[in-house]
Amino acid sequence: MSVIRLALAQRCAPDDPSRRLPLLRQWCGEAAASGAHLLLLPEMWSTGYAPERMDHAHAWDDGEPALAVVASLAAEHGLAIGLTYLARHRGALRNRLRLYGADGELALQYDKVHICDFTDGAETALQGGDGFVCADLGLGAATLRVGAMICYDREFPEAGRALMRHGAELVLVPNACPMRHDAELGDVRLQQLRGRALENRCAIALCNYPAPQYDGASCLIDARGRLLAWAGDGPTLLMAELDLDALRHWRAEQDEVWGESALRPSRYR
C-alpha cells in the first residue's frame with residue numbers, strides 16, 4: 001500500500017510579515033514530525049488574503065527572498081510545500097501557487113484562472129492565469145500527478161475537467177471563503193467539491209482559513225467523493241492520508257467498466 005500523508009495548515013497568517021516565515025518553519029517541523037509528505041497552506045497566505053494588501057507593495061517577484069526560504073524549508077524537512085502568494089507578473093498582479101518538492105526544487109507553478117473580479121470582490125486588481133497545469137511529484141516512495149485549483153476555480157466544472165485531461169490524481173486547493181456555513185449557500189461549496197472529485201476521478205485536498213476569518217472545513221476527498229478527513233472551524237494542522245494504490249485501482253476499474261463511452265476526454269476542447 002502506497003500512502004501519501006498530507007498536512008493541511010488551517011491557520012491564519014499573522015498581520016506582522018516578520019512572523020510569517022518563523023511560523024511556517026514551525027509548521028514544517030510539526031508536519032515532518034507527523035510523517036507528512038506535503039504541507040499545504042490557505043489561499044494567498046503571504047498576505048493573509050487581506051483585501052487592503054492586494055497591491056504591488058505587498059506582491060512578490062520571482063526573486064523574492066521569502067520564496068527561497070520556502071524552498072530551503074522544503075529541502076531541509078524533506079517535505080513538499082504548497083504556498084499561495086500575491087505575485088507580480090509582467091506589470092500585473094496574480095494569485096499564484098508555488099509547489100516545491102521535497103528536494104526544494106520548484107515542481108509546479110499555477111496562477112488562479114477564475115479570479116474574484118465581481119463587484120466588491122477582493123481580487124478586482126488581479127489578472128487571471130493562462131490555464132491549468134499538472135506535474136509529477138515525488139511524495140515518499142510514490143510519484144503522483146498533482147494539479148491545482150485556487151478557491152473560486154473549484155466552482156467551475158471546466159477547471160476540474162481540464163485537470164482530469166492532464167491526468168491529475170491529486171488536486172490541491174488553497175482556499176479563502178466559507179465552505180460550510182455560508183449565509184446564502186450553507187455547505188454547498190463543500191458538497192460541490194465532493195462532486196468535482198467524483199466526476200473527475202481524482203482526490204482533492206482543500207486548505208482553508210479558520211474562524212473567525214472563514215470557517216475552516218479543510219479536508220481530503222477521495223476520487224469517489226468521500227471525505228477521508230476534515231477539520232472543524234478552529235485553527236489546526238489537519239493530517240490526512242491518501243491510499244494512492246486504492247485510488248489508482250478504483251480509477252482502473254471505472255475505466256474498465258465505463259471506458260471511453262463515459263468520459264470521452266478527447267471530446268473536451
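Modeller: Buried means under 20% relative accessible area, exposed over 50%, and partly exposed in between (1.4 Å probe, protein chains only). This is a predicted model, in which local features need pLDDT of at least 70 and side-chain atom pairs pLDDT 80 or more, while totals for chains, interfaces and linings use all residues. Residues are numbered from 1 along each chain as its sequence is written, and side-chain values use heavy atoms, without hydrogens and water.

Biologist: Is Arg201 buried or exposed?

Modeller: Arg201 has a relative accessibility of 8%. Because of this value, Arg201 counts as buried.

Biologist: Where in the chain is Arg201 found?

Modeller: Arg201 is a residue other than glycine with a positive phi, near 55°. Helices (H or I, at least four residues) and strands (E, at least two) are DSSP runs, numbered from the N terminus. Arg201 lies in the loop between helix H4 (188-200) and strand E9.

Biologist: What is the phi of Tyr49?

Modeller: Tyr49 is placed in the loop between strand E2 (38-40) and helix H2. Tyr49 is not a glycine, yet its phi is positive, at about 50°.

Biologist: Why does Tyr49 count as buried?

Modeller: The residue in question is Tyr49, in the loop that runs between E2 and H2. Tyr49 counts as buried because its relative accessibility is 8%.

Biologist: Which form, cis or trans, does the peptide bond from Ala211 to Pro212 take?

Modeller: Pro212 belongs to the loop between strand E9 (203-207) and strand E10 (219-221). For the peptide bond from Ala211 to Pro212, omega is near 5°. The form of that bond is cis.
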